[in-house]
Amino acid sequence: MAAPASAYKDRQFLAVIGDEDSVTGLLLAGIGHVTAPPDSQKNFLVVDSKTETAAIEEAFERFTTERKDIGILLINQHIAERIRHRVDTYTAAFPALLEIPSKDHPYDPEKDSVLRRVRRLFGE
Amino acid sequence: MSGAVNREAVFPTRQSLGVMKAKLKGAQTGHDLLKRKKITRRIDEAKRKMGRVMQIAAFSLAEVTYAVGGDIGYQVQESAKSARFRIRTKQENVSGVFLPTFESFNTEGNNDFGLTGLGKGGQQVQRCRETYARAVETLVELASLQTAFVILDEVIKVVNRRELSEHVIIPRTENTIKYINSELDELDREEFFRLKKVQNKKQRDTAAQDAEMQAKRLAERKQESDKENAEGNPDILGEQEDADVIF
């Protein structure tokens with residue numbers, strides 16, 4: 001069951017899709033990264049009430065599929081709700097997808113895709 | 001059939017034997033993995049812990065906003081250039097299954113936010129950074145667990161519950177395999193017997209046919225010779241009789 005080394009070797013960054021506060025905090029922790037100038041890509045996306053769902057989906061797609069240097073994708077749970085179908089169908093091991101709480105939306109284990117899978121697996 | 005009580009209703013064919021064998025293998029692997037159920041418990045705990053940690057972190061960010069007297073979000077986003085906090089991925093061997101784990105590390109000597117909070121609230125900014133760094137470490141830990149789970153999940157999918165697999169599925173599948181094997185052997189024997197029968201009958205038939213053929217041929221030959229006798233032999237016979245000379 002060993003995953004090939006190429007699947008995770010170069011993944012050394014975290015990525016965030018979150019509201020302004022979450023992103024600011026995580027950037028302060030030092031996870032922010034902008035790739036080299038030609039096509040400088042940020043590894044974070046700030047989402048507010050005006051952000052289009054399509055833009056979130058696009059960022060999700062970019063962080064999970066296109067970029068090969070991201071090991072963990074953090075996403076605010078209330079934003080994950082907006083693209084729930086995408087989050088639910090995401091099953092790859094890399095990057096790991098983690099739903100995190102935000103200041104205004106406390107963490108709800110009932111909505112978490114992974115926890116739901118855990119529950120279903122053990123029939124609880 | 002002793003296994004008849006506890007086996008699956010299948011037709012004893014080679015195909016279903018293959019299916020059963022695959023199922024048994026799957027059940028045994030899944031069973032071994034489910035013994036590591038504690039991983040899921042740890043995920044659950046880590047998720048709860050994450051909830052608390054993130055709350056504390058959000059609070060410390062609120063402190064910063066208050067101390068600085070304005071939103072630092074924009075400034076922080078603009079000055080983020082190179083990640084100080086990075087992760088390393090490696091594989092850990094958990095009783096035979098390779099599970100990836102993330103490990104966080106800080107790259108030295110780069111500080112994107114040297115100017116943030118320079119005017120005022122520097123202390124709060126510093127504290128906030130530390131709090132968030134700890135929170136991210138928790139997140140990385142959680143991501144490790146979760147990735148391990150996702151990888152295990154692919155393997156586990158075959159079975160639902162450990163008890164089920166241990167006490168029901170595995171013995172049941174074994175019984176089914178035994179049953180199919182015995183039935184297949186039985187079929188083999190029957191088939192062999194049948195083939196032998198067929199062969200015997202064929203031999204008998206051929207022998208009978210041969211005999212019939214021979215008889216027919218004999219009869220034909222006899223008829224022919226009879227015909228010849230009727231046409232040319234009387235002379236010869238007569239001559240022979242005539243040639244009875246006495247010296």
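1. Basis of the model. The structure is a predicted model, in which local features need pLDDT of at least 70 and side-chain atom pairs count only at pLDDT 80 or more, while totals for chains, interfaces and linings use all residues. Residues are numbered from 1 along each chain as its sequence is written, chains are lettered from A and ligands numbered from 1 in the order in which they are written, and side-chain values use heavy atoms, with hydrogens and water left out.

2. Chain A. Chain A has five helices and four strands, where helices (H or I, at least four residues) and strands (E, at least two) are DSSP runs numbered from the N terminus. Along the sequence these elements follow the pattern β-α-β-α-β-α-α-β-α. Of its 124 residues, 56% count as buried, where buried means under 20% relative accessible area, exposed over 50% and partly exposed in between, with a 1.4 Å probe and protein chains only. If a contact is taken as heavy atoms within 4.5 Å, then 66% of the contacts in chain A with a separation of 6 or more join residues 24 or more positions apart.

3. Chain B. The 247 residues of chain B include 35% that count as buried, and its secondary structure comprises six helices and two strands, which run α-α-α-β-β-α-α-α from the N terminus on. Of the contacts in chain B with a separation of 6 or more, 76% are between residues 24 or more positions apart.

4. Helix H1 of chain A. Seven of the nine residues of this helix (residues 20–28) are buried, so the helix is largely enclosed by the rest of the structure. Among the buried residues are Ser22(A), Val23(A) and Leu26(A), and the helix is followed by Gly30(A), whose phi is positive, near 105°.

5. The aromatic pair. Rings of Phe, Tyr and Trp (its six-membered ring) pair if their centres lie within 6.5 Å, and planes under 30 degrees apart count as stacked, over 60 as edge-to-face and the rest as tilted. By this rule there is one aromatic pair over all chains, namely the edge-to-face pair of Phe60(A) and Tyr90(A), with 5.9 Å centre to centre and 80° between the planes. Phe60(A) lies in helix H2 (residues 53–66) of chain A and Tyr90(A) in the loop between helix H4 (84–89) and strand S4 (96–100), so the pair ties together parts that are 30 residues apart in sequence. Phe60(A) is buried at a relative accessible area of 1%, and Tyr90(A) also counts as buried, at 15%.

6. Nonpolar cores. A nonpolar core is a set of buried Ala, Val, Leu, Ile, Met, Phe, Trp, Tyr and Cys residues joined through side-chain atoms within 4.5 Å. In the largest such core, of 52 residues, Leu14(A), Leu26(A) and Leu74(A) touch the most other members, and helix H4 of chain B gives the most to this core, with 16 residues. Leu14(A) touches residues of both chains, including Ile31(A), Leu74(A), Phe85(B) and Val140(B).

7. Ser144(B). This residue lies in helix H4 (residues 122–156) of chain B and counts as buried, at 10% relative accessibility. The side chain of Ser144(B) reaches the backbone nitrogen of Phe102(B) at 2.8 Å, and, leaving aside residues up to four places away in sequence, Ser144(B) touches Pro100(B), Thr101(B) and Phe102(B).

Note on methods: Polar contact = N/O pair within 3.5 Å; in protein donor to acceptor, adjacent residues only side chain to side chain.
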